[in-house]
Amino acid sequence: GAIVYRQSGTDLIWVGAAISSFGFTINLDFLKKAGLPTPNRWSDLSNETYAKTLPIPSVATADPIVSTSNERIFEIIIQAYGWEEGWKIVTLMAANARMYDESGLVRDAAIRGDVGISTTIDFYGYQAIIANPDLCKYVVPVDGSIVNADPIALLTSSKHRAEAMAFIAWVLDYNGGQKIWVLPKVNRMPIDGRVFSTPEGANRTDLKIAFENTAKATSINFSDDLVAKYRESLQWYYYATISKPHDKLQQTWEALALARLQGKIRQEDFARLVDLMTDPSLLRFTDPATNKSVIFSESFAISARDTIYGSVDYRSKITKAWYEAALTRYDAILTELKKLGV
């Protein structure tokens, strides 16, 4: 049956027409040639193990300003692990990665084997499997994902209400529009599993397995309401501290990770410098609105969201402050590595 959404005290808002999860698409050939393990957790992608191929990245991802699916992935990680630990994982994942400016290019990188792991929505993973069935695989991380329902709804201003309702009914019919989702050119998971008992669905045993695995996947207790309170803050902080200074971030991480992998620094020094490089509570900056020195806490992200969204001038100033603070801390890590003899 369909997933439905209601707000407290209101009528039905929308119904789900298809479902999707978020995870990563892997290229088995890249991983094998690079001697890398197959990941099954978000946190795996932040591990120094996946930095061993640098300066050739082993991961692909995209800036949340240009990719809503990757934005959702970062939101999942931050809610699954908590604000500070989540940002550590998100930052190091990007440090291991080649950055793309759209989610389709992230998917294509795994299909071609340019990288070993691409952060993707599930149907991009299934498209990759069709394009490269022997080498590509889609993984729902065991440390948590979410299963989203893609909505369909009737506009209150609809001039053809009866026809629109009939179309929605057809889309939700497992023997009607639901079968469209399983066509190879569409390659989505239907909302109604009975599709797989139809002739069209019976031909998609691969998608049926994916549908069943998604139903069993570990889902986190995800709050869309919380994300809405800090979305623009998250987007622009990521841009200013990760995307814009990505070359410096990756250079710093390569030096730090390889020093650890080669046994040139102790684990305690490595952990301390990782925190310095990634923890938002250790990055101080001056808030342009108050001229006070603050940190990028969840509460600050929530309080600044409306101003970041509504004021181009404030957004420009705060992203500049974040960018400069990020560069300062990356340089500080490189300086300390030199002091440690790396």
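In which sense, left-handed or right-handed, does helix 10 cross helix 11? Please bear in mind that the model before you is predicted.

Helix 10, which covers residues 246–261, passes helix 11 in a left-handed crossing. Helix 11 covers residues 267–278, and the two axes come within 10 Å and cross at roughly 165 degrees. Angles over 145 degrees count as roughly antiparallel, and helix 10 is therefore roughly antiparallel to helix 11.

Which residues make the contact? Helix 10 contributes Leu-249, Thr-252, Trp-253, Leu-256, Ala-257 and Arg-260. From helix 11 come Gln-267, Phe-270, Leu-273, Val-274 and Met-277. Sorted by class, this contact between helix 10 and helix 11 has eight nonpolar residues, two polar residues and one charged residue.

I now move to strand 4, residues 59–62. In a regular strand, side chains alternate between the two faces of the sheet. Are the faces of strand 4 covered or open? Both are covered: Val-59 and Thr-61 lie on one side, Ala-60 and Ala-62 lie on the other, and all four residues are buried.

Strand 4 also has pairing partners. It runs parallel to strand 5, residues 97–100, and four bridges join the two. Within strand 5, Met-99 stands opposite Thr-61. With strand 6, residues 117–121, strand 4 pairs over two bridges, again in the parallel sense. Here Val-59 has Ile-117 of strand 6 as its bridge partner.

To close, I return to the opening question: the crossing of helix 10 and helix 11 is left-handed.

Conventions:
Residues numbered from 1 in each chain as written. Predicted model: local features only at pLDDT ≥ 70, side-chain atom pairs only at ≥ 80, totals over all residues. Heavy atoms only, no water. Buried < 20%, exposed > 50% of the residue type's maximum accessible area, 1.4 Å probe, protein only. Pairing = 2+ DSSP bridges. Axes fitted to C-alpha atoms, helices over the stretch in contact; angles between N-to-C directions. Parallel < 35°, antiparallel > 145°, perpendicular 65-115°, else oblique. Left-handed = near helix turned anticlockwise from the far one by under 90°. Contact = heavy atoms within 4.5 Å. Nonpolar A, V, L, I, M, F, W, Y, C, P; charged D, E, K, R; others polar.
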